[in-house]
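Subject: Structure handover

Hello,

Here is the structure I promised to pass on. Please open it first, then read my notes beside it.

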Amino acid sequence: MKTVKVYGSGCKRCEATETMVRNAATRLGVEVDVEKVTDAKSIAMAGVMSTPGLSVDGKLVHAGGLPDATKLDGWLTA
Amino acid sequence: MTAETQVAPPHHGLADWLWYLGVPVAALLLYLVYGQLIPISEWVTSLFPVARDSHTGEAIAFFVYDVPKVLLLLTGIVFVTGVLRSWFSPEKTRAILAGKREIAGYPLAALLGVLTPFCSCSSVPLFIGFVSAEIPLGVTFSFLIAGPMVGPVGLGLLYGLVGWQIATIYLVFGFTIATVAGFVLGRMGLERYLQDWVRELNAGPVGDLPEVRLTLVDRLKTGAEQVREIVGKVWIWVLVGIGIGAAIHGYVPEAVMLRIMGGEAWWSVPAAVVVGVPMYTNAAGVIPIVEALLGKGAALGTTLAFMMSVIALSLPEMIILKQVLQLRLIAIFLAVVAAGILATGYLFNAIL
């Protein structure tokens, strides 16, 4: 079970990122708990300056723009 | 999470060689079409059952010529900007600015404001990221003002539609306003007007991201992605802006324009700024209007002030910043930037 957080205040790309994560997890057969963090303060406190940001099991792995699909697979299976 | 969708494995898109070949070919095509816009648009205009030199004929010709022109320019500019900006990120910019306490921080911040990719939807996290890295407030403001004010889209379109002289003037003064306004705001000691939670924030941990290595093809993809996203979003503003420009070009008599936006009336510059603030459009939408205004003899200072106000002072942006800035600070920020715009407007009305 991986805990994934998607940081973003609700822009289109943040939602697309969430969809990417869920789809990748389904395809890889990884169980994920996806949480969307939309509050600006929490986003900033996580060290994310450009949204959407992504953390897996508490570790920030990506910020700014859609994540790369291949890398996303890597983070979810690591 | 139910497995309701059968998900395809990530496809990797075009092969690299297609990018190396496709980008120059696309650029060449764009260039060739761009060169033929006048004959094409004149031909299209001639299909309408109106006299070419009537008001309506003039308006149609303006519209038919400007729409493909602006869209082609926009595509090129957004692509090149997207590729260039892939070398920058808010995280790198913060690291660069965090070390700068001296006066050089302001112009540097303004420069990075132009080069760093960020969308207004993440301006709050960005602002906090800067403040928590102890980047001075004034330097942060220089960054935030310069981003929209001297954005490449505005400059590029100004260059293509109005000419290099005015584009250069705009660049120099936009950049100067961003630098000086940030400096002035920094001198005012405004930290106490940040929202309480921002002031109490202990330096948030720096997002410790692994360095991402991008290939040239990745950067080209970034550019193409930007084109799809930005052109897909702003085309409607472009059409509206060109529509307004066409109406001005075709129907507004020069005498009326001179009376309203000529350099004589002292109130024309502040009026242009006030009208510009609530106009929520973007550079791509406003420049066709600027083109038409200047063509009808509007004073340069007044027109510059209008344009800067539309682009750099936007209400939605202020509402977003309300999360981190107290109302009084927003008001001071607006006043200082507006003062810079007014000064620019009056200066050009006086010397031209």
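**Two helices in chain B**

Helix 5 of chain B passes helix 7 of chain B in a right-handed crossing. Keep in mind that this is a predicted model.

Two packed helices are described by the angle between their axes and the distance between the axes. Here helix 5 (residues 105–115) and helix 7 (residues 137–149) of chain B pack at about 35 degrees. Their axes are 7 Å apart.

Which residues make the contact? Helix 5 of chain B brings B:Gly105, B:Tyr106, B:Ala109, B:Ala110, B:Leu112, B:Gly113 and B:Val114. Helix 7 of chain B brings B:Gly138, B:Val139, B:Ser142, B:Phe143, B:Leu144, B:Ala146 and B:Gly147. By type, the residues of this contact divide into nine nonpolar, five polar and no charged.

**Chain A as a whole**

Now turn to chain A. Its secondary structure comes to three helices and four strands. Along the sequence, the pattern is β-α-β-α-β-β-α.

The C-alpha atoms of chain A fill a box of roughly 35 × 20 × 15 Å along the principal axes. Buried residues make up 45% of the 78 residues in chain A. Next, take the contacts in chain A between residues at least 6 apart in sequence. Of these, 65% join residues at least 24 apart.

**A hairpin in chain A**

Look at strand 3 (residues 53–56) and strand 4 (residues 59–63) of chain A. They run antiparallel, and four bridges join them. A:Gly53 stands opposite A:Ala63 in strand 4 of chain A. The two strands form a hairpin with two residues between them. In the turn, A:Asp57 has a positive phi of about 50 degrees.

A:Asp73 lies in helix 3 (residues 69–77) of chain A. Is A:Asp73 buried, exposed or partly exposed? Count the other C-beta atoms within 10 Å of its own: there are 18. A buried residue needs 20 or more, and an exposed one has 12 or fewer. A:Asp73 is therefore partly exposed.

Which residues does A:Asp73 touch, leaving aside its neighbours within four places in sequence? A:Asp73 is in contact with A:Ala24 and A:Leu28. Finally, A:Asp73 and A:Val6 are 67 residues apart in sequence. In space they are 15 Å apart, C-alpha to C-alpha.

Best wishes

Key: Residues numbered from 1 in each chain as written. Chains lettered and ligands numbered in written order. Predicted model: local features only at pLDDT ≥ 70, side-chain atom pairs only at ≥ 80, totals over all residues. Contact = placed C-beta atoms within 7 Å. Axes fitted to C-alpha atoms, helices over the stretch in contact; angles between N-to-C directions. Left-handed = near helix turned anticlockwise from the far one by under 90°. Nonpolar A, V, L, I, M, F, W, Y, C, P; charged D, E, K, R; others polar. Pairing = 2+ DSSP bridges.
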